Amino acid sequence: MSEDRAEMSEDGGESSSPSSATKPRGCDVSGGGDYLSPSADQVLDNVLDNVLLFLTSRRDRNAASLVSKSWWRAEALTREELFIGNCYAVSPRRVTERFRRVRAVTLKGKPRFADFNLMPPNWGAHFAPWVAAMGHRYRALEKLCLKRMRVKDEDLELLARSFPCFKELVLVCCDGFGTSGLAMVASKCRQLRVLDLTEDDVIDDEVDWISCFPEGETSLESLIFDCVDCLIDFEALEQLVTRSPSLKKLRLNRYVNIGQLYRLMIQAPQLTHLGTGSFSPSEIVAQGDQEPDYVSAFAACRSLVCLSGFREITSDYLPAIYPVCANLTSLNFSYANISAEQLIPVIRHCHKLQILWVLDSVCDEGLHAVAATCKDLRELRVFPVDAREDGEAPVSDVGLLAISEGCSKLQSILYFCQRMTNAAVIAMSKNCPDIVVFRLCIMGRHQPDHITDEPMDEGFGAIVKNCKKLTRLAVSGLLTDRAFSYIGQYGKLVRTLSVAFAGNSDMGLKYVLEGCPRLQKLEIRDSPFGDSALHSGLHHYYNMRFLWMSSCKLTRQGCKEIAQRLPRLVVEVINGSEEDEMEDDFFDVLYMYRSLEGPRADAPRFVTIL
Amino acid sequence: MEGCSKLLDLIPKDREWLLRRDKQRSHGCSEEKNLELRLGPPGGGGDEDIGSGEREDSMLSLGYFSNNNTCGAKRGFKDTVGLPAMAKESSQPCCNKVVDPSEKKKAFSPASADTAVLNSSQKKTAPASVVGWPPIRSFRKNLASSSSFKQALESQNAVPSKVSGEKPVESCQKGFFVKINMDGVPIGRKVDLAAYDSYEKLSIAVDELFRDLLAAQRDTSAGVIQNKQKGERAITGLLDGNGEYTLVYEDNEGDRVLVGDVPWHMFVSTVKRLRVLKSSELHSLCLESKQEKIPLHADYK
């Protein structure tokens with residue numbers, strides 16, 4: 001017996017073939033006709049399967065799969081949720097062969113800096129081969145989440161046809177599809193509960209996709225289409241909302257005016273998340289015109305906790321939301337160009353607010369008001385109205401300091417400004433020890449502390465030193481290598497780092513690559529790091545999801561050496577514009593990532609894989 | 001990436017040519033070997049834009065050019081760690097090419113100096129923007145400008161706000177959006193009048209804006225994919241009363257006026273919104289205002 005056990009723990013289950021998934025457990029497959037009591041092998045397999053079902057964290061599962069072959073197999077057969085952080089790290093075929101019973105897939109494609117036009121749009125990240133492979137193997141697929149993938153209408157059509165149990169589609173920052181594709185999903189996915197479109201670039205082929213949802217009651221729980229910049233048939237939408245009793249999340253696009261919003265709200269007072277569309281009337285309303293009672297419509301939505309939209313806000317209507325402010329945990333005003341005076345009466349009521357997105361039009365004064373009321377704030381994002389380098393400076397270190405003093409539970413901040421001081425950043429590092437995500441964008445390149453004229457090294461240094469839970473950092477302003485030495489020294493948990501126009505020399509990058517063991521995603525642009533710095537990361541690149549470096553001081557030869565030393569790394573050098581071949585040594589972007597598959601076959605002409 | 005071979009090309013480009021940098025600038029760089037070319041606007045012109053970090057001095061102490069400075073006394077240098085005045089370089093006319101010390105010869109050739117001087121004497125133009133900076137996705141950029149302008153239009157009596165986008169002067173650069181509605185089409189659009197300079201062009205634009213919508217309204221069956229070739233007719237005759245529709249506008253006094261009656265620039269300065277009305281219903285609506293607004297320059301179009 002003990003021998004058996006020893007064997008089993010190493011190599012147990014060798015006799016089983018992949019088709020064992022379908023064999024009844026507990027039967028002795030190699031025995032004769034009679035049923036024998038289950039061997040130790042099978043007992044363990046049984047137990048393992050049942051235990052592994054409870055293991056949901058993918059890190060735990062990855063660890064479990066490394067224990068032994070039988071564990072690997074059991075884990076592969078019981079994993080229901082797949083997370084693929086880089087669609088080129090592994091092929092659809094490999095994935096579908098290993099994991100057989102997948103119900104939910106998350107797939108990510110393009111690197112984030114591609115959002116800012118730093119490389120041509122047709123770089124890759126095609127969903128097509130994935131949907132084809134999954135269409136064969138994952139008939140029970142229910143959920144799909146794609147981020148930065150190129151998704152075509154045909155892909156959506158195939159999706160709609162292939163997965164009879166399909167329930168949730170979430171597309172974030174994707175492109176390549178249009179309203180035709182949405183119409184397919186709407187009409188064919190009969191069990192659809194969630195259709196979330198966030199920050200996608202949707203082609204308007206003028207198909208009335210809202211009307212394509214089937215008649216009768218739907219199971220819709222979430223319908224988010226604020227980014228779909230196409231006209232919709234409002235009557236169809238209203239009907240849809242009326243026959244979707246489970247609808248909890250509804251985010252409208254800017255073509256829905258406030259009068260129409262009213263009509264929807266009175267149909268769906270059970271909403272928890274509402275995106276308000278344009279939040280202005282379709283026509284200029286004269287004095288004394290009869291207007292719906294917006295206030296009571298909001299008051300009727302007792303479960304509302306998340307408000308967004310306000311795409312073309314006419315601030316006269318802002319008071320309508322007062323009834324829900326006290327319950328709000330999330331408020332997105334990032335499309336609402338409102339002043340401090342307009343924000344204050346609203347924010348004064350938002351005691352429970354945890355997430356706030358605003359435009360810098362609210363100024364430092366508005367941020368003071370936020371700090372005074374929103375003691376529970378976890379996430380703040382301040383976007384610029386005027387995204388230019390030398391624009392106005394309505395928010396500054398003053399606002400940041402105020403937030404740090406009022407919102408001690410802050411975990412995540414994204415802050416665009418024109419002026420900043422080390423003192424304010426240092427204060428935040430001390431007042432907000434729970435910070436996990438710190439992204440500060442001083443929009444003028446190489447801007448020092450505007451009071452002391454020092455580089456911003458000390459500020460960011462304090463962040464990595466004092467915020468012990470920090471995992472994501474984006475730096476800006478004038479930074480020397482010293483800032484990077486701080487990051488390397490203290491940023492032991494940092495997983496994502498974004499650098500732009502910073503550093504003096506190769507040392508900067510070396511500090512980071514040598515000092516940050518958890519670094520997974522590194523994106524750098526326009527910084528003076530060269531081949532020698534790139535080499536200093538050889539020990540670490542297999543642990544990373546990707547490295548992006550654009551407009552730095554790399555040579556093609558330097559990159560090639562990396563490719564030669566690390567065969568499992570795909571090293572892409574990319575031209576910034578879609579011209580044909582690359583001339584001599586020149587390239588704009590280095591994008592490299594680990595992969596089990598080697599060079600991808602779908603690279604366009606402006607990409608060279610070394 | 002090596003940009004040294006392109007040093008002499010001082011025409012502003014999107015990318016920066018960065019250089020290995022020195023140590024802290026604040027510790028007197030007299031022993032530094034790196035010589036760097038800094039460019040700034042002539043006189044003190046751009047200095048206000050440089051924020052509070054402006055430097056006038058130490059660059060010259062480093063440099064080759066300290067005595068050859070012909071560009072004016074006050075320069076908006078940033079005395080940074082070997083960096084050129086990049087913080088505000090976007091507001092400066094010349095591109096800031098920083099010289100790699102290993103390419104000293106090229107850098108300090110008379111040709112480059114001359115070109116540098118030449119560039120710095122250019123007028124300050126719109127900021128030379130760098131691709132993808134600041135890192136804001138494009139849909140946020142577009143929306144911000146149009147929504148701010150809408151606010152400016154509609155809350156003219158409101159308490160003066162600190163909203164930064166609300167500047168009529170700047171609106172010319174950002175676009176002048178007015179709402180436009182069409183009879184029979186429930187959802188209005190916006191048209192950017194700054195993009196046109198004549199009534200003809202506006203009329204064409206209106207046709208393009210609404211042609212598809214109008215066709216979609218006519219064909220109301222759900223889910224039908226619109227074929228652009230079918231079911232559309234151009235919307236013509238907007239200005240001369242001959243078409244099925246006529247273009248009118250509402251001016252700053254609230255009156256409805258036929259589009260085309262006044263000179264273009266006058267129209268743009270008084271128009272508040274546009275409407276595309278059915279010509280058949282025009283007579284019952286607009287006659288009065290039309291008579292009041294008999295133009296002095298009826299032949300202006």
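The following conversation goes through selected features of a predicted model.

User: What should I know about the model and the numbering before we start?
Analyst: The model is predicted, so local features need pLDDT of at least 70 and side-chain atom pairs count only at pLDDT 80 or more, while totals for chains, interfaces and linings use all residues. Residues are numbered from 1 along each chain as its sequence is written, chains are lettered from A and ligands numbered from 1 in the order in which they are written, and side-chain values use heavy atoms, with hydrogens and water left out.

User: Which feature does UniProt place at residues 41-80 of chain A?
Analyst: The unreviewed UniProt entry gives "domain: COI1 F-box" there. UniProt positions are in the numbering used here, feature names are shortened, and annotations may be inferred rather than shown by experiment.

User: How much helix and strand is in that stretch?
Analyst: Residues 41-80 of chain A are 75% helix and 0% strand, with the end C-alpha atoms 23 Å apart. Helices (H or I, at least four residues) and strands (E, at least two) are DSSP runs, numbered from the N terminus.

User: Where is A:Glu75, and is it buried or exposed?
Analyst: A:Glu75 is in helix α4 (residues 69-78) of chain A. A:Glu75 is buried, at 0% relative accessibility; buried means under 20% relative accessible area, exposed over 50%, and partly exposed in between (1.4 Å probe, protein chains only).

User: What does A:Glu75 touch?
Analyst: Leaving aside residues up to four places away in sequence, A:Glu75 touches A:Leu52, A:Arg61, A:Ser65, A:Arg98 and A:Phe99. Contact here means heavy atoms within 4.5 Å. A network of salt bridges also links A:Arg61, A:Glu75, A:Arg79 and A:Arg98, a salt bridge being a side-chain nitrogen of Lys or Arg within 4 Å of a carboxyl oxygen of Asp or Glu.

User: How many salt bridges are there over all chains?
Analyst: The search of the whole structure finds 35.

User: Which residues meet A:Asp115 in salt bridges?
Analyst: One of them is A:Arg148, whose side chain meets that of A:Asp115 at 2.8 Å, N to O. This pair links distant parts of the chain, 33 residues apart: A:Asp115 is in the loop between β2 and α6, and A:Arg148 is in the loop between β3 (143-147) and α7 (153-162) of chain A. B:Arg137 also forms a salt bridge with A:Asp115, with the closest N and O atoms 3.4 Å apart.

User: How accessible are A:Asp115, A:Arg148 and B:Arg137?
Analyst: A:Asp115 is buried at 14% relative accessible area, A:Arg148 is buried at 10%, and B:Arg137 is buried at 18%.

User: Turning to backbone geometry, which bond joins B:Trp133 and B:Pro134?
Analyst: A cis peptide bond joins them, with omega about -5°. B:Pro134 lies in the loop between α3 (110-120) and α4 (138-154) of chain B.

User: What is phi at A:Asn117 and at A:Phe310?
Analyst: Phi is near 60° at A:Asn117, a positive value in a residue other than glycine. For A:Phe310, phi is near 55°, again positive in a residue other than glycine. A:Asn117 is exposed, at 57% relative accessibility, whereas A:Phe310 is buried, at 0%.

User: Why is strand β20 of chain A described as largely enclosed?
Analyst: Five of the five residues of β20 (residues 546-550) are buried, so the strand is largely enclosed by the rest of the structure. A:Phe546, A:Trp548 and A:Ser550 point one way, and A:Leu547 and A:Met549 the other way.

User: Which strands pair with β20(A)?
Analyst: Strand β19 (residues 521-525) runs parallel to β20(A) and is joined to it by five bridges. Strand β22 (residues 589-594) pairs with β20(A) in the antiparallel sense over four bridges. Two strands pair if DSSP finds at least two bridges between them. A:Trp548 stands opposite A:Glu523 and has A:Tyr591 as its bridge partner in β22(A).

User: Finally, how many helices and strands does chain B have?
Analyst: Chain B has eight helices and five strands. Of its 301 residues, 46% count as buried.
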